[in-house]
Amino acid sequence: MDRSVNEYLDNLIQWGNQARATIEKSEIENQEQLLSQLDNWQHDVNQLKQMQQLRSAEKLTTVHNEGERILYQIHQSQHKGSKEDSIDYGQHKLPPLPYAYNALEPYISEEIMRLHHDVHHQGYVDGLNKAEKELYGKKLNKDLIKYWLREQAFHGSGHQLHTIFWFNMTPDAAKRPSGILLQTIESDFGSWHRFKALFTATANSVEGDGWAILFWNPRNGKLGVQSFEKHQLFQIADIIPLLVLDVWEHAYYLQYKTDKKAYVDNWWNVVNWKDVANRLNKAMKVKWELY
Ligand SMILES: [Fe+2]
């Protein structure tokens, strides 16, 4: 008993030293206060370690709880003012409209906005959460992989494009952009009117369901216009690919013939993980609201 308690107290002392280093490195407002609380706590832990006869379960619980309280405070202080970096799979939420349902009238009616936001977009959020729970949260059922990937693509693109869409609109709209956006539109498309005509024609060209998109292409450092027919053909809008594998036949057929599986298995031997990490590092610099 005493040996395991001693080990436990040693662990607490070690944890205290790590916590001290973390607090000292962090630029948090209540640094001094936290260090002083940690001092007192470490003093109590050391005392318990030295005076074996004074140990009681109650005292051990007290130092344990005090340690957890300090840990919680460090965590809170580090994240104060900063947003969470991620949300768990299956936990997407419908973003609230940034204006009233009737704010875009007479151009878009209140009835449309209520249905579009509360019913349609909520449906994408629910569908995406369900697909993510199946794909990332459970034992993978390979027979259903195509089904859930299709669901993720459809609902994921729907959720992410609608999230952009709501914030792309405002009741206080200016007639045209200004500043760097206008300058870039003029230099890339020739003029504001050319861009507007191209975007309008793109929207009108969509057969049935889809989107017109103004996009930034980091591969040529230019703006562009594209339609997304439907929005989900097994891809999710507004994501940044990090690692890609070409499974078109031209990528393997001359060597592997019909054995696509062997090509895919062997491909894992040539992945440049440094490059993938580099892309992740750059991609993580893009910060949007999490929904
Ligand atoms: Fe929609």
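Select Lys257. With 11 C-beta neighbours inside 10 Å, Lys257 counts as exposed; a residue is exposed if 12 or fewer other C-beta atoms lie within 10 Å of its own, buried if there are 20 or more, and partly exposed in between, with C-beta atoms placed from the backbone. Lys257 is not a glycine, yet its phi is positive, about 50 degrees. Look to either side of Lys257: the loop that holds this residue lies between α8 and α9 (260–267). Helices here are DSSP runs of H or I with at least four residues, strands are runs of E with at least two, and both are numbered from the N terminus.

A note before moving on. This is a predicted model, in which local features need pLDDT of at least 70 and side-chain atom pairs count only at pLDDT 80 or more, while totals for chains, interfaces and linings use all residues. Residues are numbered from 1 along each chain as its sequence is written.

Next, select Asp238, in the loop between β2 and α8 (253–256). Asp238 also has a positive phi, near 75 degrees, without being a glycine. Is Asp238 buried, exposed or partly exposed? Asp238 has 15 other C-beta atoms within 10 Å, so this residue is partly exposed.

Now select residues 210–217 and 222–229. These are strands β1 and β2, which run antiparallel and are joined by eight bridges; two strands pair if DSSP finds at least two bridges between them. Pick Ile213 and find its bridge partner in β2, Gln226. The hairpin has four residues between the strands, and Gly221 takes a positive phi near 65 degrees there.

Go to Glu105 and Pro106. The peptide bond that joins them is cis, with omega about 5 degrees. Pro106 is in the loop between α3 (57–79) and α4 (110–137).

Select residues 91–169. An unreviewed UniProt entry places the feature "domain: Manganese/iron superoxide dismutase N-terminal" here; UniProt positions are given in the numbering used here, feature names are shortened, and annotations may be inferred rather than shown by experiment. Over residues 91–169 the chain is 65% helix and 0% strand, with end C-alpha atoms 25 Å apart.

Finally, show the whole protein. How many helices and strands are there? There are ten helices and two strands, in the order α-α-α-α-α-α-α-β-β-α-α-α from the N terminus. The C-alpha atoms fill a box of roughly 85 × 60 × 40 Å along the principal axes. Of the 291 residues, 12% count as buried.
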